[in-house]
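My entries are below, in the order in which I looked.

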Amino acid sequence: MNAVLEIEDLRIGFGPLEAVRGIDLVVERGQTHCLVGESGCGKSVSALSVLRLLPKRARFSAARLAFEGNDIAGLGERGMARLRGDRMAMIFQEPMTSLNPAYTIGSQMIEVLRRHRGASRAAAVDRCIAMLERVGVTAPAMRLGQFPHQLSGGLRQRVMIATALLCEPALLIADEPTTALDVTVQAQFLRLLADIQRQMGLAVLLITHDLGVVARVADRVSVMYAGRIVEHGATGAVFAAPRHPYTRGLLASIPVPGKIPPGGRLGSIPGIVPRIGAGFAGCAFRARCAVAMPACAAPVPEHRLADGHRFACHLGPDGAWSGA
Amino acid sequence: MIRFIVRSLLLAMLVCLTVLIVSFALTRLSGNLAINLAGPDASAASIAKIQHELGLDRPLPVQFAAWADRALHGDFGNSYLYHQSVSSLIASHLKVTLQLGAIAIGMAIIIAVPLGILAALHEGTWIDTACGLVALIGQAVPSFWLGLMLILWFGIDLRWLPIAGLATWKGYILPSFVLSFVAIPVMLRLTRGGMVDALRADYVRTARAKGLSRASIVLKHAFRNAAMPVVAVSAVQLGFILGGSVVTEVVFNVRGVGYLAWESIGKGDFPVVQAVVLLFAVTFVGLTFLADLIGAMLDPRVRG
Amino acid sequence: MRRAALSLGAAIVAFAAILAIFAPLLMPHDPFAQDLTHRYTPPFWLPGGSSAHWLGTDGLGRDYLSRLILGARISMLIGVSTVILSGIIGTTLGVLGGYFGGRTDAVVMFIISCRLAIPVILVALTTVFMVGSGLWVVVLTIGLLLWERFAIVARAATRQVSGLDYIAAAWAAGCSRTRVILGEILPNIAHHLLVIATIDMAIAILLEAALSFLGLGVPPPLPSWGLMISEGKDYMFFKPWVIEIPGIALLILVLGINLLGDGLRDRLGARTEQ
Ligand SMILES: Nc1ncnc2c1ncn2[C@@H]1O[C@H](COP(=O)(O)OP(=O)(O)OP(=O)(O)O)[C@@H](O)[C@H]1O
Ligand SMILES: [Mg+2]
């Protein structure tokens, strides 16, 4: 095994809210792992907790949080700061606000190299130019002197990824990096991400709520619902044979050309993600589930199939009541 | 940018012109200036004489035109009291006022900005509450009373600092400190608010995700953005501090412009009063303009 | 914590209001009665103090507690009346500018800029000197000078509110301008104005104290707290309490008003940043 990131039983809470309720996740070298789910199901906070960027008032615990084989759950702020931006990097959804409006692109890139590599200014500038070129930014030397507001959204996101890759990290976490971009720019950006990942042998944890994105780039996918991973497996296997009713609902809501009956509605799951507090038991999806039964209030069993494919539902792999 | 500057400048000039009219009208508020000047026992003839000498017997618009014309050329006439030109009188008093004002705004920044940052970093804790209390008390304390109390404590009880005058550098400490209280609450709140917003901003999260040091995150990334309004506001606050110089200079017996104005008002020396009102107003307008300009310069989005 | 601050502020202001309203009943002595044989009697906690004069007597032997209570009445009177006056001026200007926009707004903004440029203390001192000192002169002077906060906030709030649907609906339903302004806009910006009222009241009280301290405010023998400090300051090196007592009273009252204002702002969700 070549796991870059291993998470076991991660839990995050805000006050009475249980935002993440024990998730397991492994990202391997050279692999893109997608975390999907509707808004508010806990994707972002899970990702932030890996870099320990959660707000102070968040409750956080994990049975194991290992990065490149070392447990980092107990690492202090200083130790984490040494890893961030160097061995693990993160880019965010909002390229508009994620760059500091008061500084040039150059200033915001160079500081990473100076911090983690102790590079001289000149060396840092060269490296930044090379990296910008690599992510497809035209006229990179000029860009270094520009301010964020002078760049388009797509360019800014490229700058973000170039900055993230400066120190050749082992893990890149991207939290909905394409959501704020135009569709064409989105496609370009995903292609870029896939290229770079292949070239650098990067482990990527990609967060999205767009199953179309998952289908295009993911090796493995984890479907999250209300703070739990309800289904996980190789992308092909999950898309071909989704087992959890929630995954099925999500897949049914992707528009596929030619598949929508004339005048028919896109499949979508009625209702919203519940906010779950302490003491909640049973399946969180039961209120919206088409096949829910009274017994769904009992603790949910997990079923394991071939190739690490697993899902958590009272209905077993054969679709029959598994009688936990 | 150029358009912005020209527009603000025009507006500033218009404001100054209005204040010119106001400061003239102010001294014509009472029925008869000459009676005031001549004193209660003056004879009708001597009043008439004063009236004529000062041109007070001419129609008001004529008086205003004559005064404004000279004022625009920097000639505010002669002081009734000191028998010297108002311009030179003010010039000789201006230095200490400006010195005290400059030290005061420096003190305000040195006190308010770190406290504001500290409060923002510890938002919601007792440190934040304590800093809020500093701002609250700073706003509530009457500055003349604070001055007197400081004189009692540091001048009389502890004997560390002189109780009046600016003979040594120590004399500057208390008056500047009292003056700085005009600006501290506003600047503290502004710094705190700006820092709280900045620390929550996405770009600070990015900075943390890049593994930068805490100092770099707080000072380079967060404070740079929080500082923009603070810098702009300190220019305006300097204007308020100058306004506060009247009270402070009287309390500490400092012979600055504020003291001069107070003395002149009490003795009916109106050419001086008019000139000081105008001076303060023009300074304030200038500082406000400067604040707009600094605000625009500091923001790369506006600088373009 | 925040709730406690609001309650404390409200309690202080309520206490001052009671003192102000019932001053004649609460004063133990005649605040103007001089007794030159008992000058500078110290307050009861200092040696030489007596229960005949709880807070001692001033340089003319007048009972300090009685003067302090009457002073509360003067401060509250000044605070409330100037706020009413400046509130009317400022709100009118602000609402007009915010509602009509365009030229009207430009004029209002210009008037506000001019007002901001005028050095308040100097102009107030000069006015009081020219017109002659007196309680109502001070009220008028301060009220005519301190309206700019009302104008700025009323203008901003009106602009915000007049874009809302129900105002547009009232407008479309054929309500007259006056109806829209008085019936729809004013009630919806009232909470902003209330917070500004507390801020301005605090400033007015401090300004009156400063004017009286400088000798051009409330005339003697009225016991304005600022005047009491001014009268005591020549003796402060020997009897510090003569300036400490009125100063602390002033500090507590203004602090209470500000606490009340901050609490109201949080409670009512008013925006007062300019
Ligand atoms: N700072 C915070 N304080 C309180 N609650 C928070 C905070 N951050 C997140 N939450 C809560 O945690 C839950 C998970 O939030 P998270 O941002 O991880 O959702 P998400 O899956 O990323 O959704 P989205 O697709 O909208 O980004 C939500 O219910 C959210 O309200
Ligand atoms: Mg998210």
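**Conventions.** I worked with a predicted model, where local features need pLDDT of at least 70, side-chain atom pairs count only at pLDDT 80 or more, and totals for chains, interfaces and linings use all residues. Residues are numbered from 1 along each chain as its sequence is written, chains are lettered from A and ligands numbered from 1 in the order in which they are written, and side-chain values use heavy atoms, with hydrogens and water left out.

**Chains.** I looked up which chains touch, taking contact as heavy atoms within 4.5 Å. Two pairs of chains touch, and chains B and C have the most contacts. Chain A and chain C do not touch; 19 Å lies between their nearest C-alpha atoms.

**Chain A against chain B.** I noted 29 residues from chain A and 20 residues from chain B in this contact. The two chains bury about 2200 Å² between them, with 53% of it on carbon and sulfur atoms. Buried area here is the accessible area (1.4 Å probe) that two parts lose on being put together, summed over both. On the chain A side, Pro101(A), Tyr103(A) and Glu111(A) supply 23% of the area buried against chain B, more than any other three residues.

**Domains of chain B.** The assignment gives domain 1 (31-73) and domain 2 (87-303); such bounds come from an automatic or database domain assignment. I found their centres, taken over C-alpha atoms, to be 40 Å apart.

**Helix pair within chain B.** Helices are DSSP runs (H or I, at least four residues), numbered from the N terminus. Axes are lines fitted to C-alpha atoms over the stretch in contact, and angles run from 0 to 180 degrees between N-to-C directions. Helix α9 (residues 184-200) and helix α11 (residues 214-251) of chain B pack at about 150°, their axes 9 Å apart. α9(B) is therefore roughly antiparallel to α11(B) (the term covers angles over 145 degrees, and roughly parallel those under 35). I listed the residues in contact, including Leu190(B) and Met195(B) from α9(B) and Phe223(B) and Val230(B) from α11(B). They divide into 13 nonpolar, four polar and no charged.

Helix α12 (residues 257-267) of chain B packs with helix α5 (residues 120-131) of chain C at about 15°, axes 9 Å apart, so α12(B) is roughly parallel to α5(C). Ala261(B), Trp262(B), Ile265(B) and Gly266(B) meet Leu122(C), Leu125(C), Thr126(C) and Phe129(C).

Key
Helix = DSSP H or I, 4+ residues; strand = E, 2+ residues; numbered from the N terminus. Parallel < 35°, antiparallel > 145°, perpendicular 65-115°, else oblique. Nonpolar A, V, L, I, M, F, W, Y, C, P; charged D, E, K, R; others polar.
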